[in-house]
Amino acid sequence: MGSMFRSEEVALVQLFLPTAAAYSCVSQLGELGIVEFRDLNASVSAFQRRFVVDVRRCEELEKTFTFLQEEVRRAGQELPPPEGRLLAPPPRDLLRIQEETDRLAQELRDVRGNQQALRAQLHQLQLHSAVLAQGHGTPLVATHTDGLSETTPLLQHSKGPHQDLRVNFVAGAVEPHKAAALERLLWRACRGFLIASFREVEQQLEDPVTGEPTTWMTFLISYWGEQIGQKIRKITDCFHCHVFPFLEQEEARQGALQQLKQQSQELQEVLGETERFLGQVLGRVQRLLPPVQVQVRKMKAVYLALNQCSVSTTHKCLIAEAWCATSDLPTLQQALQDSSGEAGVSAVAHRIPCRDMPPTLIRTNRFTASFQGIVDAYGVGRYQEVNPAPYTIITFPFLFAVMFGDVGHGLLMFLFALAMVLAENQPAVKSAQNEIWQTFFGGRYLLLLMGLFSIYTGFIYNECFSRATTIFPSGWSVAAMANQSGWSDAFLAQHPVLTLDPNVTGVFLGPYPFGIDPVWSLAINHLSFLNSFKMKMSVILGVTHMAFGVVLGVFNHVHFGQRHRLLLETLPELIFLLGLFGYLVFLVIYKWLRVSAASAASAPSILIHFINMFLFSQSPTNRPLYHGQEIVQPTLVVLALAMVPVLLLGTPLYLLRHSRRRPRKNDETDKARLLDSPDVSVNGWGSDEEMAGCPGDEKDAEFVPSEVFMHQAIHTIEFCLGCISNTASYLRLWALSLAHAQLSEVLWAMVMRVGLGMGRELGVAAVVLVPVFAAFAVLTVAILLVMEGLSAFLHALRLHWVEFQNKFYAGTGYKLSPFTFALEDE
């Protein structure tokens, strides 16, 4: 848990891997997930690296896996998850895996091809049977262009003028959407020399390609003349019609139909056997594919990591460089020894100095991951910079709850988050693919604390679905106010809500034990009281939050050895912030403690005093709060303004003087100092924030005064103006809290209060309240929980990113991305 407050110490490690054991060493490191390899072959093309052939073989296998996976999905089945922990297979097993998968893929292609051929043949037989079974009837009459009537027989006597004509038939099937166009084209091309009959098949047939049921149209065309027959055949070919032989005799057609049905039955039996065999092949695929996929992906990842290594001059070992946490160095060394023991030569790892800023490593668990994600969304912290996440665990839910304070709404959010926490180990919950659900599930612990803190602040505000609760007896005596005010019955009837006046003698019995007294919910000046309370509370919380951020910067300066910044930056910043806005907090608290209810009407205005403080003036109508205020306020303003040149010039002048006084060393001395200090890569980087963070930059980078002065000027202007704008920004706590309370009140008044007043009888009220409460529940969840909750979440996020973290957090680092097989196992 110590790494939560600051990123872990990370060292640059050089690995010497024997060629015979390099694969097993990297495979073991992938299982541990403790190192991040650096690419030592950045200038080498991906096609010229040592293990590019092995990577290509793995990619070819992945293509075969994709084909097998698609075939399984096409059959309506799913691949089971792999069982147990699978290690990367040795390189010699790659050929065996390739042979097995290729043989299985070829067998699956053959079976699938046979299945498609049998389905197509069965489809043709079914279409042919449908054509013969439709019963179009043999046409007996036709028309032609010689002016004969429609009743002229198509078959003339043997001694007539048409004794040489013979009627022919074309029968087949066509898709329904093509039938109308086919009929029109046949009529226009062969008018008078054919008779076409189209009928829809009663039973749908299965498509041989897609397997979906389709409808077909059968047709029977009678014609005479060889030229007409050629035209008909060409037209049917253009429409991709299935044409079948048609026998004129009814007995012959029935015999052919019986033969077709028998062939269909035999073909269905063969197709059933083929599909059963296909199921067996797919079963073998389901057993083989899941573990092999994981193994090949791990093997490919190992070869990609090995491609980042350089080869020694003797070609007997591979040299790798990797970032590793210093706490994991013993584990790294032990893993290398265990993996290279069979090769006869042990792999070696040792720390080396570096000139680059190390990556940031912060270990998280289920609880802290969501809070660390909030911080990393702003920017990954610099190496060993103070991590805001531990403090965000408390401040983020609390500031959210200040804007979202309601016992009922907080309880609903808490119960929703608690249900996710209790069900977090269930596979169905973890494997859900809905993005919105994944977002909520990933932040379940954040939602849990947000709901819990909202319940707390709801008790402070004494609001539960906008209604006050009387947990303890009220500290106000309304009877005393009624006795001394002389309220009449007519006055009370016209004024259902009255004004609370604390100046009435005997009206105040004592403070309410916890939170706001519920009697305020019945007062007409309820909103005025809460406005003043929440606005001042927001200023106090904002100044405290910002001052805490400035104090956290002290730990950065001390850790990086920049103690001059404590006097030249942190102290002036605290004086400027607390001298102006800390004094405002003092005035608020002092007025709360010193001014009583009896003198509240004549109490001085804090806002007028604060304005006069900057104008170096006094208001004759606004008396001082305490003795000596006329001297203290100008002194604080002058002191705060005097800190501006200190912030602006202090650090640049110190760095300029330090650069001139620092003795110059030659390159050999600097190189010896760098090589003799193994901890340089861990603790020595970034001697100053303006130097951009590397030990080598200290001597290589030339000190440029103009850049340092410009950087410090921007920092000073940002801080001084930010103190004003950031303090005003915290007033969003007051505004959002007031908006949430008023929206809850409006929803209650427009829904529940109307429903409660619609019926006084028990039966009527029960019937009416069911839809009313349903509407109230839906609107509460949709508007107050989802929309208002998201709004308060975004405002709390802004307060942490802009107002809090910019006081001490740079966020210019990059994460340690270890080489790990964890994702492959999932």
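Modeller: Let us start with confidence, expressed as pLDDT, the predictor's confidence in each residue, from 0 to 100. Over residues 665-700 the pLDDT stays under 50, and the model has 79 contacts for this stretch beyond four places in sequence; contact means heavy atoms within 4.5 Å. This is a predicted model, in which local features need pLDDT of at least 70, side-chain atom pairs count only at pLDDT 80 or more, and totals for chains, interfaces and linings use all residues. Residues are numbered from 1 along each chain as its sequence is written, and side-chain values use heavy atoms, with hydrogens and water left out.

Colleague: What pLDDT does the chain average?

Modeller: The average is 84, and 89% of the residues score at least 70. Residues 138-163 have a pLDDT below 50; this stretch has 36 contacts in the model beyond near neighbours in sequence.

Colleague: How many helices and strands are there in the chain?

Modeller: Helices (H or I, at least four residues) and strands (E, at least two) are DSSP runs, numbered from the N terminus. The chain has 26 helices and 11 strands. Among contacts with a separation of 6 or more, 81% come from residues 24 or more positions apart.

Colleague: What is the order of the strands in the open sheet?

Modeller: Strands of a sheet pair through backbone hydrogen bonds, either parallel or antiparallel. Here two strands pair if DSSP finds at least two bridges between them. The open sheet has 4 strands in the order S4-S7-S3-S8, and the pairing is antiparallel. Strand S4 (194-200) and strand S8 (242-244) are the edge strands, each pairing on one side only. From one strand to the next, the twist averages 20 degrees. Axes are lines fitted to C-alpha atoms, for helices over the stretch in contact, and angles run from 0 to 180 degrees between N-to-C directions. Helix H5 (residues 226-238) packs on the sheet and touches S3, S4, strand S7 (217-224) and S8; the direction of H5 makes about 160 degrees with that of S7.

Colleague: How many bridges join strand S3 to S8, and how many pair S3 with S7?

Modeller: Strand S3 (residues 167-174) is joined to S8 by 3 bridges, while S3 and S7 pair over 8 bridges. Ala171 has Phe244 in S8 as its bridge partner, and Gly172 stands opposite Val243 in S8. On the S7 side, Ala173 has Thr218 as its bridge partner.

Colleague: Which residues point each way from S3?

Modeller: In a regular strand the side chains alternate between the two faces of the sheet. Val167, Phe169, Ala171 and Ala173 point one way from S3, and Asn168, Val170, Gly172 and Val174 point the other way. Buried means under 20% relative accessible area, exposed over 50%, and partly exposed in between (1.4 Å probe, protein chains only). Because 8 of the 8 residues of S3 are buried, S3 is largely enclosed by the rest of the structure.

Colleague: Is Gln293 buried or exposed?

Modeller: Gln293 counts as buried because its relative accessibility is 13%. Gln293 lies in helix H6 (residues 250-306) and, leaving aside neighbours within four places in sequence, is in contact with Phe65, Gln69 and Leu79. Of the 826 residues of the chain, 45% count as buried.

Colleague: How many disulfides does the count give?

Modeller: A disulfide is a covalent bond between the sulfur atoms of two cysteines. The rule applied is a pair of cysteine sulfur atoms within 2.5 Å, and the count comes to 0 disulfides. Cys238 is in no disulfide, with the nearest cysteine sulfur, that of Cys241, 9.4 Å away.
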